[in-house]
Amino acid sequence: MEMFASALPALSDAWHMILQPEVLGYLVLGVVMGLAVGIFPGLGGIAGLSLLLPFMFGMEPLYGLALMIGMVAVVPTSDTFASVLMGIPGSSASQATVLDGFPLARKGQAARALSAAFTSSLFGGLVGALFLTIFILFARPIVLAFGLPEMLMITILGLSMVAVLAGRVALKGLAAAGLGMLIGTIGEADAGGSLRMATYDIPYLVDGLSLVIVGLGIFAVPEIVSLLRQDRSIAKDASLGAGWAEGVRDWVANKWLSVRCSIIGVMVGVIPGLGGSVVDWIAYGHAVQTTKDKSNFGKGEIRGVIGPESSNNAKEGGGLVPTLLFGIPGSGSMAIFIGAIALLGSGDIEVGPSMLRDNLDITYSIVWLLALANVVGTLLCIAASGGIAKLTTIRFTYLAPFLFMLISFAAFQSGQNFEDLLALLGIGLIGIFLRRFDWSRPAFLIGFVLSNPVEKFSNQAFQIASFRFRNSFEEGMTYLFSPIVIVLIIVTLVSVVLGIRQAKSIMAEGNVQAGSKRAPLVFLLVIAAYVVASLVNAQMIPDYNMTDKIVPLVICTITLGCCIILLAQMMLRPETDPIFADKERAGEDADAPYGLWPTLAWFGFLIAASWVVGFILALTAFLIAFLRVRAGAGWPKVLLLTACGVALMCTMAGALNRDFPPGLLQSAVDLPWPLK
Amino acid sequence: MTTIKQFVTSVAVAALLATPAAAEVDFSGKTIEWVIPFSETGGSAKWANFFAPLLSEALPGNPTVVVKFMPGAGSTKGANWFQEQKYDDGTLLFGTSGSTQFPYLLDDPRVRYEYSDWVPVMASGTGGVAYLNPEDGAKFDGSANALQDINFIYGSQGATRLDLVPLLAWKMLGMNVEPVFGIKGRGDGRLMFERGEATIDYQTSSSYLGASADLVAQGKAVPMMTWGAIDDNGNIVRDPTFPDIPTFKEVCEATDGCETSGDAWDAWKAFFVSGFPVQKIAFLPAGTPDDVAQTYADAFDAVRKRDDFPTISAKAIGKYDIFVGPNAKKATAAGTTVSPQAKDYVKNWLQEAYGVSLK
């Protein structure tokens with residue numbers, strides 16, 4: 001109670017602290033830097049904060065906080081540009097946005113989608129801050145009520161969104177999710193360190209694949225390749241129909257959806273250990289389930305943009321709770337944030353349980369700085385969205401080489417291995433075929449993202465539960481089936497049942513025509529072969545490492561079961577059945593003037609050349625060759641665009657103090673940066 | 001101070017050898033890359049980010065010091081990379097942590113680096129505190145005798161990580177501690193303890209002060225022991241940060257069946273030294289000339305002697321010694337060597353208790 005008594009004065013102190021011109025100045029500076037970083041896919045808040053760290057040392061705490069929060073707050077806002085305009089998920093916060101945002105851009109409604117997304121972000125950020133102001137005072141016991149069984153159930157709720165996004169043939173969606181989960185288990189197991197589908201001879205695989213690479217490979221590569229084959233602009237007829245005002249009106253019409261998704265965002269963000277990975281999908285699923293006419297989802301439904309975008313900025317606010325109250329970072333950028341706070345001033349702000357007691361005013365300043373940063377960031381983004389949306393009217397052949405450049409650079413930043421580029425190409429191929437044969441890509445990605453949490457939480461909850469059961473049966477049952485768990489089980493069941501009923505009307509890939517049997521059958525067999533290989537591989541893990549073995553085994557069995565049923569169905573059904581959906585039979589891809597392999601070969605060329613002469617030299621050659629040969633541009637234009645592209649890469653990498661993928665040449669000769 | 005010292009040294013060298021003086025080490029306009037084999041989010045990142053600006057001020061010529069991250073394979077990727085680097089112009093610095101030392105000590109197959117090749121210039125450490133839930137904590141009387149029949153559960157990052165030190169300590173005390181593996185950081189372990197899912201926990205000194213001490217104050221946790229600190233003669237003494245909490249050595253001496261000599265004890269001590277008092281070390285690459293190494297040692301010496309150092313380092317480092325120059329060399333030797341018997345003991349125990357074999 002005394003806490004509430006101290007809350008109001010602290011809140012007013014916080015406002016006095018924030019509303020100083022210098023603080024606001026630093027906030028705006030941080031926001032502008034955050035927007036600049038966030039607009040590039042794959043960099044995100046971690047890169048931005050690392051850039052600020054050297055300046056934090058001994059800085060006036062409030063200024064430092066304003067600068068850092070300004071930067072962190074707007075990354076989930078500005079990454080919307082890449083996901084809506086280019087179909088590139090810039091971070092895990094914008095994966096669900098791609099599903100409907102990008103189709104809207106292709107309809108020429110990019111400005112509308114962007115402004116609806118930004119308005120939702122703004123609103124989500126404000127709801128988050130408002131909610132936190134009160135909630136933070138009694139959040140501690142609530143956060144502690146979420147043990148491992150509860151977290152496992154939330155993860156499963158996220159996973160149940162596969163039901164909504166499974167596509168026309170539910171079994172294919174389920175198998176895609178299973179495949180995603182299996183890809184997610186590659187590498188060294190968290191619990192016992194067993195290797196799954198990896199060997200110490202290929203150290204790259206031991207660490208597993210990163211989310212950035214899988215997100216780019218599954219969503220960005222297939223779209224870039226497809227658009228490039230069609231040789232047109234992203235927006236049909238290269239025209240921009242709806243303007244930004246319409247997006248704001250869309251938001252007004254769906255404000256209650258936005259409210260609900262914001263609250264979902266804060267609540268899930270509050271729970272440590274889940275981070276942002278599930279929020280988007282739960283919000284997207286919620287948007288689908290509360291919409292009467294579901295036929296437009298996946299084809300450009302504005303509610304599919306408003307839902308996830310409302311939740312992901314609210315989530316940043318919620319993520320402050322574990323960070324500030326427990327000193328446990330909810331995300332990578334929050335981990336750096338905690339570290340940086342220790343450097344500020346004389347280092348007397350201590351993140352952790354004492355934060356509320358000793359620094360409630362600072363805590364409130366952080367919460368409201370975050371909200372203010374959202375306001376400033378959103379206004380800037382909306383102002384810019386009309387202009388930036390024009391990118392979608394450019395002939396795609398001029399955009400594509402730069403997108404290949406950006407996604408390669410983003411992929412390399414995730415682990416700084418040359419293999420990152422190979423993995424991007426490999427996962428990109430999987431993405432291309434999933435798209436072609438109408439296997440749900442969102443389901444694959446959900447499976448990948450949630451693979452690790454599902455495995456971790458189920459193993460740990462199982463171990464602790466069996467410990468409790470040894471004490472008494474009752475103790476075990478109370479641990480496993482707490483009221484929160486039971487509520488979550490009911491929500492999950494309802495969502496699965498509704499989801500399966502609705503899935504057929506949600507065609508993320510559009511109405512894909514079916515054609516011959518051979519190609520879809522071959523693809524199914526390839527997937528089944530990989531699943532069998534995983535199964536054998538998991539079986540080889542010795543039994544004393546059951547924790548590393550059981551989850552891959554279960555997923556393999558389920559996925560293989562789906563594959564076998566699909567195989568039987570393929571044998572029994574006629575070739576016109578949706579199960580044989582194949583984009584190469586009819587539609588945009590089939591009519592495209594360019595083939596898949598020659599187009600993909602350009603990307604392969606960039607990667608192969610990087611392997612030989614390093615990224616920057618390879619990029620120069622790639623841009624010149626592509627613009628000259630494929631785009632057929634005149635020499636002045638070719639040279640100018642190439643120079644711009646290379647200069648952009650060097651400026652960005654230089655500012656962020658990053659290296660480029662080196663090649664054989666670099667290992668033989670010492671070259672100066674950026675060639676090294 | 002440092003420049004005068006170097007000046008005197010270089011003049012003396014010049015006079016003695018009557019050869020042209022080696023140009024005084026000067027990093028004006030240069031950029032020093034401090035490579036950390038972990039991600040931006042870990043403790044080593046915090047450590048390097050704390051020292052980087054101070055080092056920049058202390059080095060002659062005030063070069064820019066940037067921290068670069070090269071995560072992968074539990075830091076062995078970065079360490080293998082550093083092994084291949086040759087001395088160039090003294091602008092490459094590398095930082096290791098307990099997670100780099102342990103695989104090296106345990107002959108992890110991924111290790112292709114050799115600590116004795118590198119030139120240590122600074123080493124710093126931390127301590128750790130183990131604590132119990134209140135119910136079992138009431139039975140703790142300075143010995144673990146009354147704790148030997150209780151089953152404990154502990155959130156652990158993995159048996160071959162720093163958690164090796166607490167797990168082995170509890171095992172030596174005859175306690176039955178079941179680890180739940182796969183948590184992401186000690187913060188998650190503490191949360192598990194707070195939720196009542198785990199019943200025993202340990203934190204490094206700074207995290208203990210930041211969060212667990214609060215639990216103790218509220219009666220939600222009972223401190224059991226610290227790992228201790230090392231004095232100049234290599235003996236384990238009370239941790240200066242927690243002078244009121246007994247060390248594991250004291251608890252072990254008071255507990256039936258626990259001995260502070262023999263293979264088990266030697267093994268525990270070797271891994272303790274490597275994981276705590278000499279946890280983080282800054283290295284220059286193999287082949288670095290002595291004057292460059294000395295310049296760095298002097299710079300770190302100047303950093304730790306700053307008037308404001310105790311205040312600014314309290315959060316980032318704690319009240320622990322920072323070793324520079326010859327002391328860093330000594331500390332590194334202590335933190336990166338283990339007797340064959342002790343190594344075998346740990347390997348056998350890891351295999352038997354957790355099925356972990358590093359092959």
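Two residues are in contact if their C-beta atoms, placed from the backbone, lie within 7 Å. The legends below use the word in that sense. The model shown is predicted.

**View 1. Chain B as a whole.**
Among contacts in chain B between residues at least 6 apart in sequence, those joining residues at least 24 apart make up 76%. Chain B holds 14 helices and 13 strands. Its radius of gyration is 21 Å, close to the 21 Å from the globule rule for 359 residues, so chain B is as compact as a globular protein of that length. The C-alpha atoms fill a box of roughly 70 × 45 × 35 Å along the principal axes. Of the 359 residues in chain B, 53% are buried.

**View 2. The six-stranded sheet of chain B.**
Six strands of chain B form an open sheet with mixed pairing. The order is E2-E1-E3-E12-E4-E13. Strand E2 (64-69) and strand E13 (322-324) of chain B are the edge strands, and each pairs on one side only. On average, neighbouring strands of this sheet are turned by 20° against each other, direction ignored.

Strand E4 (residues 119-124) and strand E12 (residues 280-284) of chain B run antiparallel. Five bridges join them. One residue pair to look for is B:Ser124 with its bridge partner B:Lys280 in E12(B). Helix H11 (residues 290-304) of chain B packs on the sheet. H11 touches E4, E12 and E13 of chain B. The direction of H11 makes about 15° with that of E4(B).

**View 3. The two domains of chain B.**
Domain 1 of chain B comprises 2-125 + 278-335, and domain 2 comprises 128-274. Their centres, taken over C-alpha atoms, are separated by 30 Å. Twelve residues of domain 1 of chain B are in contact with eleven residues of domain 2 of chain B. On the domain 1 side, H4 and helix H13 (325-335) of chain B are the elements that give two or more residues. H4(B) gives the most, with five residues. By class, this side of domain 1 of chain B has five nonpolar, five polar and two charged residues.

**View 4. Helix H4 against helix H10 in chain B.**
Helix H4 (residues 98-105) and helix H10 (residues 263-275) of chain B pack with their axes 9 Å apart. The angle is about 145°. From H4(B), the residues that meet H10(B) are B:Gly98, B:Gln101, B:Phe102 and B:Leu105. From H10(B), they are B:Phe271, B:Ser274 and B:Gly275. The residues of this contact divide into three nonpolar, four polar and no charged.

**View 5. Chain A as a whole.**
Chain A has 31 helices and two strands. The radius of gyration of chain A is 25 Å, close to the 26 Å that the globule rule gives for 676 residues, so chain A is as compact as a globular protein of that length. Along the principal axes, the C-alpha atoms of chain A fill a box of roughly 70 × 70 × 55 Å. Buried residues account for 58% of the 676 residues. Of the contacts in chain A with a separation of 6 or more, 82% are between residues 24 or more positions apart.

**View 6. The two domains of chain A.**
Domain 1 of chain A covers 93-233 + 244-543, and domain 2 covers 596-668. The C-alpha centres of the two domains of chain A lie 31 Å apart. Their contact takes 18 residues from domain 1 and 21 residues from domain 2. On the domain 1 side, helix H12 (211-230), helix H20 (396-415) and helix H21 (419-436) of chain A are the elements that give two or more residues. H20(A) gives the most, with ten residues. This side of domain 1 of chain A has 13 nonpolar, four polar and one charged residues.

**View 7. Where chain A meets chain B.**
Here 47 residues of chain A are in contact with 38 residues of chain B. On the chain A side, helix H3 (44-56), helix H11 (203-206), helix H17 (332-343) and helix H22 (441-471) each supply at least two residues. The residues of the side of chain A that touches chain B divide into 23 nonpolar, 20 polar and four charged.

Methods: Residues are numbered from 1 along each chain as its sequence is written. Chains are lettered from A and ligands numbered from 1 in the order in which they are written. This is a predicted model: local features need pLDDT of at least 70, side-chain atom pairs count only at pLDDT 80 or more; totals for chains, interfaces and linings use all residues. Helices (H or I, at least four residues) and strands (E, at least two) are DSSP runs, numbered from the N terminus. The radius of gyration is taken over C-alpha atoms; the globule rule is 2.2 Å times the number of residues to the power 0.38. A residue is buried if 20 or more other C-beta atoms lie within 10 Å of its own, exposed if 12 or fewer, and partly exposed in between; C-beta atoms are placed from the backbone. Ala, Val, Leu, Ile, Met, Phe, Trp, Tyr, Cys and Pro count as nonpolar, Asp, Glu, Lys and Arg as charged, and the others, Gly among them, as polar. Domain bounds come from an automatic or database domain assignment. Axes are lines fitted to C-alpha atoms, for helices over the stretch in contact, and angles run from 0 to 180 degrees between N-to-C directions. Two strands pair if DSSP finds at least two bridges between them.
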